[in-house]
Amino acid sequence: MTAKPGRGRIPAFVSDLNRDPVSRMLFWAFGALVLVFSIVPVLHSIRGHSIKDYELWYQTAQLAMQGRGIYPDRFHKFDFMYPPPCALFLAPFSLLGQTGLIVALVIVNSAAWIASILLSVRLTSPGRDRPHVLLYAVPTGIVVIYVWGNFLLGQPTLPLLALMLGAFLALQHKAQFTAGALIAAAAAIKAFPVIAILYLLYRRYWIAVGSLTLVLAFLLLALPTLVRGYPQARADLRRWSDGMLLKYDEHGLAQRAGRSNAWKNQSIFGVANRLLRHVDYDDKYEPHTPVYANLANVKFSTVNGLIAAAALAAGLWYIGVMPRRSRRTRETDAVEFALLLLLMLVFTPLAFGYLFAWLLYPFTVITQRLLNHRSTPLLLSAGAAVVLLALTIPWRITAQTYGNVFFATLLLFLGLAVELMRMGCHASIARDAKPEALPI
């Protein structure tokens with residue numbers, strides 16, 4: 001069924017609710033899920049229960065409002081690990097009080113979740129056909145537990161994903177300045193999205209690179225200077241840079257020395273260090289009996305060499321499977337963007353469970369490919385990845401200790417890389433692609 005001319009995707013989806021009982025049931029189930037996820041942290045605040053990171057956000061926002069230092073001196077560990085602009089973004093919400101701040105943040109998370117789903121579908125099915133209902137249901141169902149973690153803890157993973165997907169859509173519509181600005185906003189909230197600049201450089205999106213650089217510089221220094229004064233803004237930026245960007249040794253990363261090597265960290269840094277070195281994988285701060293899971297015991301420098309080699313190999317393979325400019329289509333771009341997000345997840349230094357809500361988009365790409373094309377390698381890699389992710393349910397600590405989420409993400413990368421290579425080798429792609437479907 002095709003959409004009528006002039007009708008957008010969201011109206012088309014909404015109109016389907018009146019005709020398709022399955023779509024209607026899924027829509028109301030999703031609405032109930034969003035409502036429950038939003039209400040729980042608010043009720044925890046009202047009843048005086050633990051509110052996880054929301055308490056830290058409120059305290060930090062209050063410091064920013066009062067013009068005080070966000071981070072302690074270099075002799076003390078700081079709890080707020082995000083860039084200085086993030087505290088400024090939170091500051092207005094603190095005027096609502098602690099519970100009001102939580103209400104505002106769960107609304108932001110809910111909106112970002114909905115936007116991420118719609119943007120994922122838009123990026124993976126840009127044609128005139130109505131998106132299949134499974135494009136909404138399957139990826140959301142797979143990552144729902146990670147989405148829940150963001151609501152419960154108060155983490156900003158969903159807004160980051162919405163910003164990145166918005167940037168990808170902007171690139172497809174030749175709005176490079178907007179794309180760079182959106183990625184800069186994401187990096188100002190949590191630093192690791194800045195890695196995307198490497199992709200922009202390789203694809204020669206020069207305006208996007210310039211936009212990202214200028215907007216990020218404004219958010220990191222100019223905006224804090226306007227609000228808090230230059231001395232305080234400079235001190236905050238320096239303290240955050242020294243404590244987060246420039247702190248990595250055999251004891252761990254940044255402000256999470258022990259926890260960065262513990263079972264919760266599913267990045268290559270965490271998995272490689274605890275499996276290849278004799279380091280404690282428990283994440284408790286208080287004294288405890290150390291526990292180990294290492295399969296080898298090599299030097300810290302050797303582990304870093306292996307990480308660097310893996311990053312180089314993955315990056316070169318990514319470049320190798322990316323189609324030439326003349327053979328790019330919106331379909332290949334969808335896979336290309338998914339691979340970029342997967343690489344960012346694997347190689348960001350700290351990747352705790354909630355961050356893998358980003359798998360929403362790669363699973364949307366995979367669902368779309370499997371609905372429209374027969375691909376046994378992609379089906380097998382995605383199925384194996386889902387099984388690995390599911391191991392967290394019966395063996396939460398053991399499975400994550402040995403990197404089940406990390407290896408699942410790696411499997412998705414391998415499967416989609418093979419799929420993109422297959423798409424690039426298919427002669428009909430360049431011949432059948434319409435001129436207007438080719439991005440710059």
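The model is a predicted one. A search of the whole structure gives 19 aromatic pairs, and the count of salt bridges comes to 6.

**Aromatic pairs and cluster**

- F37 and F151 form a tilted aromatic pair, with 5.7 Å from centre to centre and 55 degrees between the planes.
- F37 belongs to helix 2 (residues 21-46) and F151 to helix 6 (residues 133-153), so this pair ties together parts that lie 114 residues apart in sequence.
- F37 and F151 are both buried.
- F168 and F337 make a stacked pair, because their ring centres are 4.3 Å apart and their planes are at 5 degrees.

**Salt bridge between E336 and R203**

- Side chains of opposite charge can pair when their charged atoms come close.
- E336 forms a salt bridge with R203, and the closest N and O atoms are 2.7 Å apart.
- E336 sits in helix 14, while R203 sits in the loop between helix 9 (197-202) and helix 10 (206-228), so the bridge ties together parts 133 residues apart in sequence.
- E336 is buried at a relative accessible area of 0%.
- R203 has 13% relative accessibility, which is under the 20% limit for buried, so R203 counts as buried.

- The side chains of E331 and R369 meet in a salt bridge, 2.7 Å from N to O.
- E331 lies in helix 14 and R369 in helix 15 (residues 360-372), so this pair ties together parts 38 residues apart in sequence.
- E331 counts as partly exposed at 30% relative accessibility, whereas R369 is buried with a relative accessible area of 3%.
- R422 forms a salt bridge with E419, with the closest N and O atoms 3.0 Å apart.
- Both R422 and E419 lie in helix 18 (residues 404-425), and they are 3 residues apart, about one turn of the helix.
- R422 is partly exposed, with a relative accessible area of 33%, whereas E419 is buried, with a relative accessible area of 1%.
- Salt bridges that share partners join E331, R369, E419 and R422 into one network.

- S267 is in the loop between strand 2 (252-253) and helix 12 (268-276).
- The relative accessible area of S267 is 0%, so S267 is buried.
- A polar atom of the S267 side chain lies 2.8 Å from the backbone oxygen of P349.
- Leaving aside neighbours within four places in sequence, S267 is in contact with L345, V346, T348, P349, L350, A351 and F406.

**Helix 4**

- In helix 4 (residues 84-94), 8 of the 11 residues are buried, so the helix is largely enclosed by the rest of the structure.
- The buried residues of helix 4 are P84, P85, C86, A87, L88, L90, A91 and S94.
- The elements that cover these buried residues include helix 3 (53-65), helix 5 (97-124), helix 8 (176-189), helix 10 and helix 11 (230-245).

**Nonpolar surface patch**

- L35, I39, L43 and I46 make a nonpolar surface patch of about 360 Å².

Technical notes: Residues numbered from 1 in each chain as written. Predicted model: local features only at pLDDT ≥ 70, side-chain atom pairs only at ≥ 80, totals over all residues. Heavy atoms only, no water. Phe/Tyr/Trp six-rings, centres within 6.5 Å; stacked < 30°, edge-to-face > 60°. Helix = DSSP H or I, 4+ residues; strand = E, 2+ residues; numbered from the N terminus. Buried < 20%, exposed > 50% of the residue type's maximum accessible area, 1.4 Å probe, protein only. Patch = residues over 30% accessible without salt bridge, like charges linked within 9 Å, V, L, I, M, F, W, Y side chains within 5 Å. Areas by Shrake-Rupley, 256 points an atom, 1.4 Å probe, with all protein chains shown as cover. Salt bridge = Lys/Arg side-chain N within 4 Å of Asp/Glu carboxyl O. Polar contact = N/O pair within 3.5 Å; in protein donor to acceptor, adjacent residues only side chain to side chain. Contact = heavy atoms within 4.5 Å.
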